[in-house]
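Notebook open, model loaded. I'll start with the ligand and then look at some helices.

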Amino acid sequence: MLRSMGAIRRDPLAFLASMRSSYGDVMQFPIPRPATYLVSDPEAVRRVLVTNARAYGKRTLQYTTLALVTGEGLLTADTDVWRTQRPVIQPAFHRASLDLVAVHVSTAVDRLLSDWSARDGQVVDVDAAMMHLALEVVGSALFGSDLSADAERLADATLAALEVVVKKARSPLPIPVAVPTPTNLVLRRAVGRLDAAVDAMLAERARRPLAAGEPPRDMLDLLLTVTSEDGTHLTRAQVRDQVVTFIVAGHETVASALTWAWHLLATHPAALARLRAEVDAVCAGKPVTFLDLPHLPWTAAVLDEVLRLYPPAWLVTRRSLASDSLGGVAIPTDALIVMSPWLVHRDPSAWPDPDGFHPERFLDESGGRRRDVAALPAYLPFGAGPRLCIGRDMALLEGVLVLASLVGRVDLEPVGRPPQAMPLVTIRPAGGLPMRVRTRKTPIG
Ligand code: HEM
């Protein structure tokens with residue numbers, strides 16, 4: 001393992017792939033404690049996440065490090081806290097919120113288009129643009145479309161804290177946060193700023209509460225009004241943790257998928273032409289809306305295939321709470337289970353031509369989007385089982401709307417060398433994704 005440290009840091013995805021091809025679908029790393037396994041067999045992964053999910057928790061280095069920023073938000077909360085919180089928070093992701101997200105997407109897309117029109121013919125960083133767009137969408141969904149200075153401060157503080165956490169996670173020595181190292185001090189300050197920003201945001205909301213009978217204006221209103229079975233509201237700390245979690249979990253993931261979508265479309269002209277033709281036939285030059293979504297199966301399949309090839313959440317980890325058996329290998333209690341959707345999605349026994357871009361995999365015989373996508377055993381961009389991504393529908397809606405809204409309005413031409421996938425919090429192109437942007441005179445066709 002010590003000899004492999006260089007390879008792990010240089011290219012973690014290639015390292016994981018080499019471990020799997022050399023040692024098989026369930027392999028143990030030679031690390032004394034905790035016993036650590038890389039599990040890539042789709043059936044075994046399903047067992048951990050779905051059929052025997054009760055035997056696994058989230059007390060892993062991956063999630064405890066992230067929890068330094070997100071606290072006990074849904075993503076990082078371990079079993080007991082999570083069990084009480086998920087049903088309370090679920091309503092914030094119901095249909096009414098998704099309708100609102102669609103409105104926020106079109107505002108963000110218009111802003112991006114006006115920026116790109118002003119830079120017609122120039123090279124832009126599509127990765128940075130998608131990060132900005134996704135942050136704007138999740139920010140508006142949480143705090144309303146009139147993004148106040150408080151909301152911007154909160155998003156900035158979250159990202160600053162996340163950056164320190166990523167740096168900390170990459171350090172070979174896991175130094176406890178209480179030790180005043182320079183990184184820990186920066187983290188402490190960043191989290192302090194984050195808490196102050198949440199306080200300001202909640203104080204502002206308290207000044208303009210919902211009138212009796214007024215529907216929630218955004219997800220923050222929903223979080224402030226949801227009640228648990230015993231009639232209690234979320235505490236201030238719980239609201240803080242969920243807000244920060246949604247920014248962290250719902251921003252870079254969507255941006256990463258969209259960035260890779262533009263790269264793959266630009267390098268697969270037939271898929272791009274089909275996408276444009278579909279949008280043209282359905283929307284005929286009018287803005288794409290929520291109601292158009294069921295009629296855009298190819299666009300949805302493109303996004304499904306992007307998420308297969310470049311799953312933003314490339315690593316999912318669990319801690320075993322009981323002994324188990326995975327793919328015939330005995331797993332002790334308190335073992336660390338590492339699963340990589342990147343590997344599972346490129347399993348040749350489940351996906352013919354696994355490295356190829358073939359959105360048609362996700363269509364049925366009649367050309368509609370396959371109904372069983374969420375149940376495919378070797379497909380888990382949003383995880384699976386009880387801890388399935390709560391934002392899945394929101395992310396798919398946002399992704400399809402952004403692709404369909406932009407594809408007829410701009411041409412994005414690759415420049416420079418093909419991007420190299422760099423797995424950080426999500427998989428991002430190393431050095432961004434420079435592309436030449438040209439606005440289209442005839443929007444579609
Ligand atoms: C393409 C975009 C997205 C991808 C690929 C993605 C991926 C994932 C994955 C793989 C998990 C499961 C992690 C695990 O089992 O350990 C997850 C959980 C979660 N995601 Fe997403 N996500 C996306 C978008 C979003 C959005 C938009 C939000 C919210 C605004 C969100 C919020 C969450 C939360 C709160 C959880 C924890 C759910 C729970 O444990 O109950 N995600 N996501």
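How do the residues of the shell around the ligand divide into nonpolar, polar and charged? I got 18 nonpolar, five polar and four charged. (Ala, Val, Leu, Ile, Met, Phe, Trp, Tyr, Cys and Pro count as nonpolar, Asp, Glu, Lys and Arg as charged, and the others, Gly among them, as polar.)

Before going on, I noted that this is a predicted model, where local features need pLDDT of at least 70, side-chain atom pairs count only at pLDDT 80 or more, and totals for chains, interfaces and linings use all residues. Residues are numbered from 1 along each chain as its sequence is written, and side-chain values use heavy atoms, with hydrogens and water left out.

**Ligand.** I found 27 residues surrounding the ligand, with a heavy atom within 4 Å of it as the cut-off. Y63, W82, R86, R387 and C389 are the closest. Helix 11 gives the most to the shell, three residues. (Helices are DSSP runs of H or I, at least four residues, and strands are runs of E, at least two, numbered from the N terminus.)

**Helices.** I looked up helix 7 against helix 11 (residues 236-249): they pack at about 155 degrees, axes 9 Å apart. (Axes are lines fitted to C-alpha atoms over the stretch in contact, and angles run from 0 to 180 degrees between N-to-C directions.) The two helices are therefore roughly antiparallel, a label for angles over 145 degrees.

Terms used:
Angles under 35 degrees count as roughly parallel, over 145 as roughly antiparallel, 65 to 115 as roughly perpendicular and the rest as oblique.
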